[in-house]
Amino acid sequence: MSESYSPERFVIPSGLYQTAFLSQRDLGLQVPINFVTQPGVSFTKACFPNSKYEDDSSGNCLSVLLAEGFRRFEIDLYWDQGRLVWSFCPVAIPPSASLALPSSTTTLNFSSWTSSTLTSASAATVSSPVQIGARQATSGTLISSSATFQSSLSYSIEASSLGNADPTISATPDSSNEPLFSIGPYICSSSINLSTFTNQLLSFIETTQTTTGAHLLYVIINIHAAAADSAPSSPAPQPSTLPLSEDLLGSLFSQGLSKYIYTPSNLLSERADVNGSWFTVPEIYRPGTEYYSTTKTEYGIVYTQDGWPTESYVEILGGKRLLLGFGSVDPQMASYNFTGDSSVIFPTGYLQDFRAGVTASSSGQVTNGCLFSNGTNNLSQVNSSWVTFANLPDFDYATTPSQDLSPTVELTSNLTNCGISPILNITLLNATAYDNYIPYQNYSYSTIWSWAPGEPRNYSSNDASSESIFRCATSHNGDWAVSDCSQKYYASCRANGQPYNWTITTYPIAYSDASQACTSPYIFSAPRTALENSYLTQAIYSSHRDYDSNGVLVDFNSLAVAGCWTTGGATANCPYDNVDMYDVYKKETVLVPLVAVIIVLLLTIMTVFVKVAGNRKSRRRTRNRNNGFVYEGIPS
C-alpha cells in the first residue's frame, strides 16, 4: 500500500462539491459530533473485493475514498500470530515465506494472465440518465461511469490456483516488485499491514491540515484471527499468542498519529467539568446544551455523562482529526487486551449505533426506521446520536457492472435525510474505488443534504452590483440555491434550543431584515444537520407560503467574500482571513490549534514582560519607574 496520500487530480471533488462539503462542515460546527451524519465505507468491500490484498492498488484506493469525502471507515484487521503483525490479509503468511522472497535475478515460472473483471477494458456504464430526487449527484443525472479506467495491476493468478483443495503457497511478482502470496482463495502481499494504513492516514491529515481542508475521520476496527495457511478456508484457530503491549492497536495507531487522535481519555476529562472545558471557549465552539444532559455537584462542578464536543472544539481548537472505535470482535480474539487500548480506542458501540428496523422500497425510498417524524420535533424523542446503517438484506444494490446505480444512490440520500449515517458495505459495480472511482463518488455526493445539484453557483455579470446581490441561500423544498439578497422571500425560523422546531415567517422580507420577521422564541437560522433540514422542509410544506416556489431564505450568505458561505446575518464576516474562496484551495491557511496559539501568545507576552522588567531594573538610575505594565490573562 502506498504510504502517502496521493489521489489523482481528477478524483478530487470540483469546486462546487468542495464548497458543499465545506458548507456542511461549517454549518455543523456547533452541533455535537455524534449528531452529524457522515458517509462511511467498508475498506474491505471498496478495496479488496476479490480477496486480493495488495499494497499499491489498495493504497491508491484509500486515497480515492479519502479524496471523495468518505469520513467513516470500517476496517478488518487480522492478527497473524506467526509474524506478530496486524494484517489486512485474512490468512496467515508463513514467516518462512515472507523471509524467502525471490531475488530480482530469480527466474519465476508463473502463468501470465489478464486483469479480472474489475479492470475490464470496457468499464461499466450506468443505464439511461436518471433523475436523482435527492441531492448532489450532478445537475439531475448521475455522473457517468462509462469512461475507461486502466488498472495498475499487471499480473494475476489463474482461477485454478485460487480454489485448490490442497492449499499451496506461491509468490507472484507485483507491479511494485513486492511479491504476492497465493494461499487458498487469498492473494496477499506480506507488507499489507496496519502500519501502511496509519501512515497514509497521517499523510492525508498533514496534507489537509488547513482551515478549509480539515475534517474529522472515524475508523471502526473489526478484529479477527487470521486463518491458518494450512487451512485458509476454514475458521481461524484460537491464537496461542496474543498481541503484547507494543502490538496493541492503540499503541500502533498512536505511532505518528497520537497528536491527532481524540481519545476516550480526552472525552472523560472534558465531560467531568464542562465549564472547565467546552465552556471556556468562545460560543461558536461550544456544543448546544439541548443535545445532552448535565448535573451539578455539591461543589458546583457541572458534568455530563452523554455529551460530546463539536467538530470546531475537537478540530479547530484541539487540532484533533481522528477518532478510533472497536467494531465486531471474533470469538477467537475475545481475550485481546482491550483494557490496554481503553485510553485511545472507544469501546464497541460508542461511535456507532446501528439503526434497527429500516426498510425501503425498490427505488430507495425509506419506508420505516427514519428518524424524521411528522409526529414530533422533540429532540429527546428523535435521538440520532451516532446512528448508522449499512445494508438492507433484500435491497437490489448496484453490485454488478451493468446495474443501475440510481436506487442505491437514492437510498443513500434518503438515509442521510433521515439523520442516519450511511455505511457502504458493498462493492459498487463490482469494481474497487481505484479501478472505477465514479460510483463511489456518486455515493459520497449523494450525502450532500444542503446545496442542490449545480449549487452554489458563482453569479458573474458585467454589472458588478448584480453579482454582489446574488449571495444568499434559499431552500427549495430542502434543496438550497443561490438567490438575490435584495429580493423578498419568506424566511426560516428555528426555536432557540430546539433544533427540530421550525416555522416560516408570515410575510416575505429581504435577507438583511429577516431576523426581524422571526418572533420569539424563534430566530432566523439555517439547518445545521441533514435531519434539521428535513424538519425545515416539513415546515415549508406545512406553511403553504412558498406557493410560488421562489424558495425560503435560510441564514447562509457570502456577502463578505464571494464564495465564502457563513451564517450570522448580513454583517457576518468570512472566517477564512478574507481570502477569495473561489481560489481558496490555492491559498489555504494552515490549521493551528487555538490552544497552541494561546500558548505562543502567552510565552511572547511573558518574554516581553521579562525584558521590560530587566531593562527597567538596569536603568533604574536614569529612568523613572512607573506602574504601567498591564498583563491580562485568558478569561477562565
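**Aromatic contacts and helix packing**

Arginine 271 lies over the face of tryptophan 308, 5.3 Å from the ring centre. A charge counts as over a ring if NZ of Lys or CZ of Arg is within 6 Å of the ring centre and within 35 degrees of the ring normal. Arginine 72 is placed over the face of tyrosine 218, at 5.4 Å from the ring centre. The model is predicted, so local features need pLDDT of at least 70 and side-chain atom pairs pLDDT 80 or more, while totals for chains, interfaces and linings use all residues. Residues are numbered from 1 along each chain as its sequence is written, and side-chain values use heavy atoms, without hydrogens and water.

Aromatic pairs number 34 in the structure. Rings of Phe, Tyr and Trp (its six-membered ring) pair if their centres lie within 6.5 Å; planes under 30 degrees apart are stacked, over 60 edge-to-face, and the rest tilted. Phenylalanine 326 and phenylalanine 338 form an edge-to-face pair, 5.0 Å centre to centre, with 85 degrees between the planes. Phenylalanine 326 belongs to strand 11 (residues 322–329) and phenylalanine 338 to helix 10 (residues 338–341), so the pair ties together parts 12 residues apart in sequence. Helices (H or I, at least four residues) and strands (E, at least two) are DSSP runs, numbered from the N terminus.

Phenylalanine 338 also pairs with tyrosine 336: the ring centres are 5.0 Å apart and the planes stand at 75 degrees, so this pair is edge-to-face. Phenylalanine 326 is buried, at 4% relative accessible area. Tyrosine 336 is buried, at 4%. Phenylalanine 338 is partly exposed, at 29%. Buried means under 20% relative accessible area, exposed over 50%, and partly exposed in between (1.4 Å probe, protein chains only). Elsewhere, Phe43, Phe48, Tyr53, Phe88, Tyr186 and Phe197 form one aromatic cluster.

Phe197 also takes part in helix packing. The axes of helix 6 (residues 194–207) and helix 7 (residues 249–257) come within 9 Å and cross at roughly 35 degrees. Axes are lines fitted to C-alpha atoms, for helices over the stretch in contact; angles run from 0 to 180 degrees between N-to-C directions. On helix 6, Leu194, Phe197, Thr198, Leu201, Leu202 and Ile205 meet Leu249, Leu252, Phe253, Gly256 and Leu257 of helix 7. Contact means heavy atoms within 4.5 Å.

Helix 3 (residues 55–67) packs with helix 6 at about 35 degrees, with the axes 11 Å apart. Gly59, Leu62, Ser63 and Leu66 of helix 3 touch Phe197, Gln200 and Phe204 of helix 6.
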